[in-house]
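Hi,

Here is the structure we talked about. Please open it alongside this email; my notes follow below.

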Amino acid sequence: MPKTLVSASPADATTRPVRLSARDIAALTPPSRDRALDVARAAAIVVVVVWHTVLSITHRNAAGAWTMPNPLDDIPLGWALTWVLQVMPLFFVVGGAANWIAYERAQAKGRAGSTFVWSRCQRLLVPALRFLLVWAVADVVLLVAWPGYSSVTHWGVVLFVPLWFVAMYALICATVPLGVALERRVGAASVVWVIVVATLFELVRRLYAPWLGVVSTPVVWFGCHQIGMSSARLSWWKSTGYSFGVAVVGLVGLALTVVLGGYDPSLVARPGGRSNLLPTTLPVLWAGLFHGGLLGTLTPWLRRVGQRRAVWVAAIVVNGSAMTILCWHMTGHLVALLAWERVCGPLAAESTSGWWAQRPLWLLASVVTTTAVVRAFRRWER
């Protein structure tokens with residue numbers, strides 16, 4: 001994503017913007033920057049887009065609304081893939097590490113915690129609100145101009161699925177000063193305390209008060225974020241042995257919560273309404289610990305990969321347009337879906353052999369449509 005700098009010369013009292021391309025930014029990247037987090041975050045964004053657009057059986061249901069179940073039940077041990085490919089815990093872990101580093105720097109410069117929080121939340125919420133505004137205006141125009149048109153809230157709720165993550169991440173970003181204070185006071189024990197609190201909330205929710213999920217859900221995501229903060233403070237990535245141990249603990253905890261706690265083994269929604277996301281449950285928190293340890297274990301490799309110019313430029317492009325990609329990729333995918341319907345007829349509602357054979361084609365379509373919407377709307381992202 002191009003950035004804008006302001007330059008001025010003695011001969012020109014006015015300022016003029018200077019646009020920097022991703023290649024320019026790559027060339028200006030200081031050697032001291034640890035690229036592992038950037039590469040991991042960019043890879044996670046790519047996984048989200050591919051999962052939604054390529055590995056979801058997106059089709060219209062009987063009511064004409066788009067729905068996007070996944071084919072995991074048709075894949076032997078498909079649930080196990082979600083323990084790695086469900087990257088939402090990784091997003092929060094990486095975000096926690098990045099927020100710890102950024103908050104430390106902000107405090108060193110004398111910035112108030114509230115200023116830091118507002119800046120972080122603004123980066124998330126402004127692109128999301130503009131996305132909603134565009135769709136609200138488009139929906140009103142279609143309702144007025146197209147007789148018989150039904151609102152996007154009826155046929156296209158899938159377009160807004162990524163926004164729940166944006167809202168939750170913004171909420172957790174608002175707690176950064178709390179997370180920093182907790183980490184400074186009790187150190188890595190902060191992660192243990194959050195796991196204990198989340199476990200207690202889950203017990204009460206499952207046994208007595210299902211509505212408590214509105215509280216236990218952010219507690220779980222706060223825990224994933226706190227794992228990232230601890231990893232940054234302790235520099236997990238400087239010891240692959242320590243990181244590997246953390247990954248093992250997280251994996252064992254995840255397995256035990258599934259086996260002993262009776263949770264669904266899949267970390268994404270499955271047919272029949274089974275889900276560990278809404279409300280967000282303990283397996284997701286243990287997956288966050290697993291992902292945090294795995295990230296530390298792979299950090300030396302990620303650093304080497306990040307030194308490759310092509311990879312680093314791609315990471316800059318993806319991370320610089322992260323919110324645009326997350327908000328708009330399903331809109332771009334809708335264009336491809338409607339074109340397919342027009343030319344080839346209804347889409348498959350099951351993961352048949354023909355459906356699998358089409359995946360390379362849909363991967364290409366995803367690249368084309370996501371690139372198109374990002375080019376159209378990325379100017380709204382800082």
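**Salt bridges and surroundings**

Arg205 is buried, because its relative accessible area is 12% and buried means under 20%. Keep in mind that this is a predicted model.

What does Arg205 pair with? Arg205 forms a salt bridge with Glu202. The closest N and O atoms are 2.6 Å apart. Glu202 is buried too, with a relative accessible area of 1%. Both residues sit in helix α9 (residues 189-207). They are three residues apart there, so about one helical turn separates them.

The whole structure holds six salt bridges. Side chains of opposite charge can pair when their charged atoms come close. Two further pairs deserve a look.

**Glu183 and Arg233.** Their side chains meet in a salt bridge at 2.5 Å, N to O. This pair links distant parts of the chain, 50 residues apart. Glu183 is in helix α8 (residues 176-186), and Arg233 is in helix α10. Glu183 is buried, at 1% relative accessible area. Arg233 is partly exposed, at 33%.

**Arg33 and Asp38.** Here the side chains form a salt bridge at 2.9 Å, N to O. Arg33 counts as partly exposed, with 40% relative accessibility. Asp38 counts as buried, with 7%.

**Helix α10 again**

Val215 also lies in helix α10, which spans residues 213-234. Val215 is partly exposed, with a relative accessible area of 31%. Val215 and Ala198 are 17 residues apart along the chain. Their C-alpha atoms are separated by 9.4 Å.

**A buried threonine**

Is Thr82 buried or exposed? Thr82 counts as buried, because its relative accessibility is 0%. Thr82 is found in helix α3 (residues 78-85). Its side chain reaches the backbone oxygen of Trp79 at 2.5 Å.

**A charged surface patch**

Which residues form the positive surface patch? They are Arg105, Lys109, Arg111 and Arg123. Lys109 lies in the loop between α4 (88-108) and α5 (113-145). Lys109 is exposed, because its relative accessible area is 71% and exposed means over 50%.

**To find these quickly**

- Pair within helix α9: Glu202 and Arg205.
- Pair linking helices α8 and α10: Glu183 and Arg233.
- Side chain to backbone oxygen: Thr82 to Trp79.
- Positive patch: Arg105, Lys109, Arg111 and Arg123.

Best wishes

Conventions:
Residues numbered from 1 in each chain as written. Predicted model: local features only at pLDDT ≥ 70, side-chain atom pairs only at ≥ 80, totals over all residues. Heavy atoms only, no water. Patch = residues over 30% accessible without salt bridge, like charges linked within 9 Å, V, L, I, M, F, W, Y side chains within 5 Å. Areas by Shrake-Rupley, 256 points an atom, 1.4 Å probe, with all protein chains shown as cover. Salt bridge = Lys/Arg side-chain N within 4 Å of Asp/Glu carboxyl O. Lys, Arg positive; Asp, Glu negative; His and termini not counted. Charge placed at Lys NZ, Arg CZ, Asp CG, Glu CD. Helix = DSSP H or I, 4+ residues; strand = E, 2+ residues; numbered from the N terminus. Buried < 20%, exposed > 50% of the residue type's maximum accessible area, 1.4 Å probe, protein only. Polar contact = N/O pair within 3.5 Å; in protein donor to acceptor, adjacent residues only side chain to side chain.
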